[in-house]
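Visitor: Hi, could you walk me through this one? I'm new to reading structures.
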Amino acid sequence: MATHRIELSVNGAKQSAEVPSRLLLVHLLRENLRLTGTHIGCDTTHCGACTVLLDGTPVKSCTVLAVQADGREVTTVEGLEKDGKLHPIQEGFWEKHGLQCGYCTPGMMLSGCALLARNKSPSEAEIREAISGNLCRCTGYVNIVKAIEYAAEKMRER
Amino acid sequence: MIPSQFDYHAPTTLAEAVALLSRFGEGAKVLSGGQSLLPLLKLRLGTAEHLVDIGRIPGLEYIKEEGGVLKIGGRTRESALEQSELVKAKAPILHDTARVIADPLVRNLATVGGNLAHGDPGNDHPATMLALDAQVVATGPSGERVIPIDQFFVGLFTTALRPGEILTEIRIPVPPPHSGGAYVKLERKVGDYATAAAAAQVALGPNGAFVKAGIALTNAGPTPVRCTKAQQFLVGKRPSDNSFAEAGRLAAEACSPSADRRGAVDYKREMARVLTGRALKAAVQRAEGR
């Protein structure tokens, strides 16, 4: 079966790879590029632990083929920090205790980032809607919502 | 989970895509948003020797109104439908539907055409398109073919699309003044398929009575169910709790749900009855501008 030469940008860096047709984006990120911040949870398009931004839009990377990302920009949790400084959303999860086990956290943060990119002052309902494709089994979501609200405020101040 | 091996093709024109699909026949599947197809391949509930990705073909994502028809490109994402002011203004039932499909992350990739072409009676758009009397445009080796929605859903996971054809457009007649529609879905949690769901699109005459009613159900049989008797019953009747209730009863009679973890047959039929009444009530409120 054929393989495909793909080129994509991951967290701002150009990457190229020779991938089989059936390779999933999440496996390209974790295994080929060793970016293991993107988690595999349910592997059935339910949990959102594998959420990444594809051209700025949050998607479940277990349900995208690596070859579909050819020529596109991918952002993973590793791409949030800039010059050793945490992204406001990362600060928010820290400050508001937005995680316990941490498994859903990368996906939650990327869904939160995408929301804040299009809506600077989301309501609680809008935040809950935006993370409704990401499952958390620990927190009960309350502190996750607070963490995203914290980030929204920080980002408005800038 | 990793799908079985397949070859991947990314044509950049519709003609090229149709040629690839025609060449590979039954062994080929169209990859649109991939949010139903990839899980199916990963779970190995289905196989494909060739995937033809239509995501690199320009011009298949649009929502526009032309000559009294709402035209939606087959590859239009659910998220685009959800955010469209045109959809909210002209066919709010479609907005209702898009926003309860799967979850927001899935809706960023999932497409309207895929939701219909997959032929899954659990998908949400089919009932709404039946209520709206939509048409589906299929593009194949011999050009375009327009399929009325009533002829589109042939059986479980089976549609009227032939090998070599791609669903390229959905056409919805813009509802006349004093029309309203609503889609009401019962789901156990965000992202689940409907336990039951009802689509209702109505038009009211000058005296306030129904001149037209389109009613259909999701996950209530091997194909989406059009509730013909309930539709016929309503024409000429005035909207009232009694007429909604009788239409709900007739709709429940029309369905043949199967028991699963979402509930027993009797429960699902009862939900179909209740949801039909609620969808009609909401549709009438919109039609009356309330």
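Visitor: Which residue just after H1(B) takes a positive phi?

Guide: That's B:Gly25, with a phi of about 55°. Helices (H or I, at least four residues) and strands (E, at least two) are DSSP runs, numbered from the N terminus. By the way, this is a predicted model, where local features need pLDDT of at least 70, side-chain atom pairs count only at pLDDT 80 or more, and totals for chains, interfaces and linings use all residues. Residues are numbered from 1 along each chain as its sequence is written, chains are lettered from A and ligands numbered from 1 in the order written, and side-chain values use heavy atoms, leaving out hydrogens and water.

Visitor: OK, and which residues of H1(B) are buried?

Guide: B:Ala17, B:Val18, B:Leu20, B:Leu21 and B:Phe24. Buried means under 20% relative accessible area, exposed over 50%, and partly exposed in between (1.4 Å probe, protein chains only).

Visitor: Why are they on the same side of H1(B)?

Guide: Because they cover an arc of only 160° around the axis, taking directions from the helix axis to the C-beta atoms. The face turned away from that buried side carries the exposed B:Ala15 and B:Arg23.

Visitor: New topic: what's the strand order in the open sheet of chain B?

Guide: S4-S5-S10-S6-S7, with antiparallel pairing; two strands pair if DSSP finds at least two bridges between them. S4 (63–66) and S7 (143–148) of chain B are at the edges with a single partner strand each, so one side of each has no neighbour in the sheet.

Visitor: And chain A, what do S1(A) and S2(A) form?

Guide: A hairpin, with 2 residues between the strands. They pair antiparallel over 8 bridges, and A:Val10 stands opposite A:Ala13.
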